[in-house]
Amino acid sequence: MIHRRPLLAAAFIAPAVAMYLALIVYPLVQGLVLSVTDSKVGNAGTFVGAANYAKLASDGDVMRALGITVAYAAVVVVVQNAVGLALARALYQRPRVRQLGSTLILVPTLMSAVMAAFVWNSLLAPNGAINSLLTSLGLGSLTHVWLGDPSTALWAIALVNIWMFAGYSAAIFLAGYMNMSSELLDAASVDGATGWRRFVSIEWPLLAPATTVGVTLALIGSLKVFELPFVMTAGGPAGSTKTLTMIIFAKIFGGEGSFAYGATIAVLLLVVVVVLAGVTQSLLRRREERI
Amino acid sequence: MANTITSAYPIALRALRRAGGGVVRRGPLVLAGDVILVVVVILIFAPFAYTVVTSLRPAVDVINDPLGWPTSLTVDNIANAYSKINYTQGLISSTVVLVGTLVLTIVLGSLAAYPLARISRSWTTWVYRIFIAGSTVPIFVLIAPLYLLLRDLGLLNSYVGVILTYTAINLPVAIFFYTSFFRQIPIELEEAAAIDGSGPLRTFFVVLFPLLRPVTATLATFLTLSVWNDLLLPLVFFQDPALKTVMVNAYSLVGSYTLDPSLLFPAALLGVAPLLVVFAFLQRYIVSGLTMGAVKS
């Protein structure tokens with residue numbers, strides 16, 4: 001048996017560890033090393049200390065992208081989970097349509113971001129389906145160049161993100177609902193707890209673990225958003241959809257070949273993801289324990 | 001007495017549900033909820049349905065009336081998109097990358113998870129923790145060094161480089177999942193196999209690996225979605241047109257055709273079609289495959 005054969009155990013683990021060290025740990029360290037050099041298009045470069053980080057702090061484009069990324073993530077996390085929760089609750093209360101409903105709303109999650117971007121670019125086009133629909137509903141004054149206006153483009157992309165993953169959030173919350181003890185819920189309904197009161201005082205606290213998972217996943221995913229702005233707007237108009245990932249990609253692969261500076265912004269992204277996700281998760285976990 | 005009441009409750013409630021009572025009492029509010037639910041589900045599903053319908057309408061009709069009911073159907077758009085995005089070639093490339101990643105991740109992940117689950121020493125705990133920590137690292141932190149590494153190893157423009165990278169990225173998920181599953185398998189099974197003279201390797205592949213099937217299916221669903229739909233790695237690592245995946249080929253439409261629904265919609269449909277076909281057979285694993293990332297944290 002494996003626990004009496006340490007050498008064999010090591011042999012079982014070795015291939016995975018080797019691959020992980022070579023392709024995750026080593027590149028991670030290399031990324032940190034790159035960020036303190038002046039490497040261009042992959043040349044080794046020379047050591048420049050914290051120069052890239054100093055440049056980062058005074059780089060208006062990067063700071064703007066940081067703001068855009070965080071605002072985008074905040075909106076996506078809140079709206080996507082709220083929609084998902086509402087859908088999960090509605091489906092939980094209607095056992096007959098639960099299966100069909102959750103299958104239909106999961107279809108967008110199967111699509112790649114590239115495909116979703118294709119569909120929505122066309123739907124949101126000036127003469128596309130959304131504007132046609134508004135006109136035919138007599139709301140012609142609301143038609144808009146959604147992706148061409150710096151004040152709406154980011155939120156149009158957020159809408160697509162929410163559309164893709166609302167069904168996913170719903171699946172997480174629905175799993176939370178299915179895990180609830182039915183005795184407790186039955187007792188509550190016998191006691192006459194219904195509607196909003198029942199939701200606030202019974203369901204919401206019991207959904208704490210599902211909330212932790214749903215919020216954390218949406219947060220990490222939306223902070224790392226790349227393909228949607230990359231395909232839908234390429235960062236435009238007027239840089240209004242240039243997220244951190246967009247800037248990193250442009251610096252490294254966009255002709256400039258600024259590997260070192262791109263790696264520095266990537267470190268910023270890593271810190272943002274780890275700090276925001278870590279803080280959010282530990283706050284939500286503490287809340288779980290309180291409940 | 002108390003027993004009778006508590007056991008009667010669930011039965012009565014189940015009967016109530018069967019009768020259509022559901023978990024909520026019917027009333028005007030619930031009816032409004034029904035309507036809202038139906039509208040929201042339709043709104044979420046509509047863009048996909050619209051994609052299918054628009055793909056099948058003649059281009060002229062779509063331009064004249066984007067929301068119109070289809071009066072005639074055609075497969076011209078799909079045929080056109082098929083050749084514009086080199087679909088056959090993309091399909092082959094995407095499939096090679098996906099299958100390679102699936103096999104490697106499943107084999108290496110389950111092999112490593114076995115001792116990690118069965119041996120509780122400080123070193124196994126550390127190895128496990130370091131693996132799990134890797135799942136939070138954004139690919140953008142690794143992409144430049146990975147590019148340089150694969151370039152130096154001569155693995156740019158090769159299936160091997162991309163497959164190895166995807167495998168490494170997904171090992172944390174695989175190891176997390178297999179480790180928790182191995183812990184649920186009773187150790188008596190291995191002891192019995194050992195008594196029957198089966199060595200650890202044989203026990204792993206013949207006795208344990210078949211038991212992993214449900215986790216493997218869930219993991220495979222998760223991997224299929226993330227690998228098939230990914231743009232970044234193949235875009236950066238494949239320059240040779242013969243290697244480009246479906247997503248990279250589809251992305252090449254952006255720019256020149258960005259707003260042409262009669263090309264983009266069928267292209268989107270072709271991109272998602274293989275997943276829909278595969279998942280039609282694996283339907284019960286979709287939800288678990290999607291939410292397994294959830295269990296991870």
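What covers the buried residues of helix 6 of chain A? In this predicted model, the cover includes helix 5 (113–123) of chain A together with helix 2 of chain B, and the buried residues of helix 6 (residues 129–136) of chain A include A:Ala129, A:Ile130 and A:Asn131. Helix 6 of chain A is followed by A:Gly138, a residue with a positive phi near 80°.

The contact between the two chains can be taken up from here. Chain A brings 84 residues to the contact and chain B brings 83 residues. On the side of chain A that touches chain B, helix 1 (residues 6–34) of chain A gives the most, with 16 residues. Sorted by class, that side of chain A holds 59 nonpolar, 20 polar and 5 charged residues.

Chain A itself is built from 13 helices and 0 strands, so that, since helices and strands are the elements counted, the order from the N terminus on reads α-α-α-α-α-α-α-α-α-α-α-α-α. Along its principal axes, the C-alpha trace of chain A spans about 70 × 70 × 30 Å. Of the 291 residues in chain A, 46% are buried. When contacts in chain A between residues at least 6 apart in sequence are considered, 72% of them join residues at least 24 apart.

The largest nonpolar core has 166 residues, and those with the most contacts inside this core are A:Val114, B:Ile175 and B:Ala267. Helix 7 (residues 153–179) of chain A supplies the largest share of the core, with 18 residues. In soluble globular proteins, nonpolar side chains tend to be buried together. Which residues is B:Ala267 in contact with, leaving aside its neighbours within four places in sequence? They are A:Phe118 from chain A, and B:Ala81, B:Ile85, B:Ala250 and B:Leu253 from chain B.

Two packed helices are described by the angle between their axes and the distance between the axes. For helix 4 (residues 76–84) of chain B and helix 14 (residues 261–281) of chain B, the axes come within 8 Å and cross at roughly 75°. As angles of 65 to 115 degrees count as roughly perpendicular, helix 4 of chain B and helix 14 of chain B are therefore roughly perpendicular to each other. By class, the contact of helix 4 with helix 14 of chain B has 7 nonpolar, 3 polar and 1 charged residues.

In the loop between helix 4 and helix 5 (87–118) of chain B lies B:Asn86, which has a positive phi of about 45° although it is not a glycine. With 19 other C-beta atoms within 10 Å, B:Asn86 is partly exposed, because a residue counts as buried if 20 or more such atoms lie within that distance.

The domain assignment of chain B gives domain 1 (34–74) and domain 2 (85–296). The centres of domain 1 and domain 2 of chain B, taken over C-alpha atoms, are separated by 34 Å, and 6 residues of domain 1 of chain B are in contact with 6 residues of domain 2 of chain B. On the side of domain 1 of chain B that touches domain 2 of chain B, helix 2 (28–56) and helix 3 (59–64) of chain B each supply at least two residues, and helix 2 of chain B gives the most, with 4 residues. By class, this side of domain 1 of chain B has 3 nonpolar, 3 polar and no charged residues.

A cis peptide bond joins A:Gly236 and A:Pro237, with omega about -10°. The loop between helix 11 and helix 12 of chain A also holds A:Ala238, a residue other than glycine whose phi is positive, near 55°. A:Ala238 is exposed, with 11 other C-beta atoms within 10 Å.

Conventions. Residues are numbered from 1 along each chain as its sequence is written. Chains are lettered from A and ligands numbered from 1 in the order in which they are written. Domain bounds come from an automatic or database domain assignment. Two residues are in contact if their C-beta atoms, placed from the backbone, lie within 7 Å. Ala, Val, Leu, Ile, Met, Phe, Trp, Tyr, Cys and Pro count as nonpolar, Asp, Glu, Lys and Arg as charged, and the others, Gly among them, as polar. A residue is buried if 20 or more other C-beta atoms lie within 10 Å of its own, exposed if 12 or fewer, and partly exposed in between; C-beta atoms are placed from the backbone. Axes are lines fitted to C-alpha atoms, for helices over the stretch in contact, and angles run from 0 to 180 degrees between N-to-C directions. Angles under 35 degrees count as roughly parallel, over 145 as roughly antiparallel, 65 to 115 as roughly perpendicular and the rest as oblique. A nonpolar core is a set of buried Ala, Val, Leu, Ile, Met, Phe, Trp, Tyr and Cys residues joined through C-beta atoms within 7 Å.
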